[in-house]
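Visitor: I'd like to hear where the labels on this model come from. Could you take me through them, cut-offs included?

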Amino acid sequence: MVVVSVNLNAPVDEVWADVSDLASHVEWMADAESISFAGEQRTGVGTVMHVVTRVGPLKTTDVIEVTSWEPPHRIGVIHRGVVTGTGAFVLEPLGVDRTRFTWEEALDMPWYFGGDWAAPISNRVLGMIWKRNLKRLKARF
């Protein structure tokens, strides 16, 4: 499990308005090259996205389905591509004008990406990438 957080200088509703625009995630996630949607749905439970993801020389298309949508506090997902697992964005108000944004993921890598034996290394690398992504997110507020 990888968990990273950042405090943002914006109220929870403003942060929700930004991160609930799923297509915009490529603007602050350096590892997400592109996002396309399967069908017309763009928000809420049941939204399915195909996310082209690159980590170093490794590139894959991650199939992600939204499993929970709790405005303005939580977006939960399941990964159904080559990499499987679950994840969530959790937004917590810190007073009136600040929000704690937490990103948590429990991912299973396929054998050719190292599988379970590589989990400590992949979790450390993904944690570093996602911390950098949260710095990019923070710059939006």
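Guide: Let's start with the naming: helices (H or I, at least four residues) and strands (E, at least two) are DSSP runs, numbered from the N terminus. By that naming, Tyr112 sits in the loop between β7 and α2. Two notes on sources: the model is predicted, so local features need pLDDT of at least 70 and side-chain atom pairs count only at pLDDT 80 or more, while totals for chains, interfaces and linings use all residues. Residues are numbered from 1 along each chain as its sequence is written, and side-chain values use heavy atoms, with hydrogens and water left out.

Visitor: Why does Tyr112 count as partly exposed?

Guide: Buried means under 20% relative accessible area and exposed means over 50%, with partly exposed in between (1.4 Å probe, protein chains only). Tyr112 comes out at 47%, so it lands in that middle class.

Visitor: And what makes Val82, Trp111 and Tyr112 a nonpolar patch?

Guide: A patch takes residues with over 30% relative accessible area and no salt bridge; nonpolar side chains (Val, Leu, Ile, Met, Phe, Trp, Tyr) are joined within 5 Å, like charges within 9 Å. Val82, Trp111 and Tyr112 form such a patch, with about 380 Å² of accessible area together. That area comes from the Shrake-Rupley method with a 1.4 Å probe, and for residues only the protein chains shown count as cover.

Visitor: How do you know that the buried residues of α1 line one face?

Guide: Helix α1 covers residues 12-19, and its buried residues are Val12, Val15, Trp16, Asp18 and Val19. Down the axis they fall within an arc of 165°, so they line one face of the helix. The arc is that of the directions from the helix axis to the C-beta atoms. Exposed Asp13 and Ala17 are on the face turned away from the buried side.

Visitor: What does that buried side pack against?

Guide: Its contacts (heavy atoms within 4.5 Å) include β1 (2-8), β4 (58-70), β5 (74-80) and α2 (119-138).

Visitor: Where does the pair of Lys59 and Glu33 sit?

Guide: Lys59 is in strand β4 and Glu33 in strand β2, 26 residues apart. Their closest N and O atoms are 3.4 Å apart, so this is a salt bridge as well. Lys59 is partly exposed at 47%, and Glu33 is partly exposed at 39%. Not counting residues up to four places away in sequence, Glu33 touches Val26, Val52, Arg54 and Lys59. Glu33 and Arg54 are 21 residues apart in sequence, and their C-alpha atoms are 6.9 Å apart.

Visitor: How do you know that β5 and β6 pair?

Guide: Two strands pair if DSSP finds at least two bridges between them. Seven bridges join β5 to β6, so these antiparallel strands qualify. One of the bridges has Ile78 facing its partner Thr86 in β6, and the strands form a hairpin with three residues between them. For β6 and β7, also antiparallel, there are ten bridges, and Ala88 has Glu104 as its partner in β7.

Visitor: What stands out in the backbone angles?

Guide: Most residues other than glycine have a negative phi, and most peptide bonds are trans. In the hairpin of β6 and β7, with five residues between the strands, Gly95 takes a positive phi near 80°. The peptide bond from Pro71 to Pro72 is cis, with omega near -10°; Pro72 is in the loop between β4 and β5.

Note on methods
A salt bridge is a side-chain nitrogen of Lys or Arg within 4 Å of a carboxyl oxygen of Asp or Glu.
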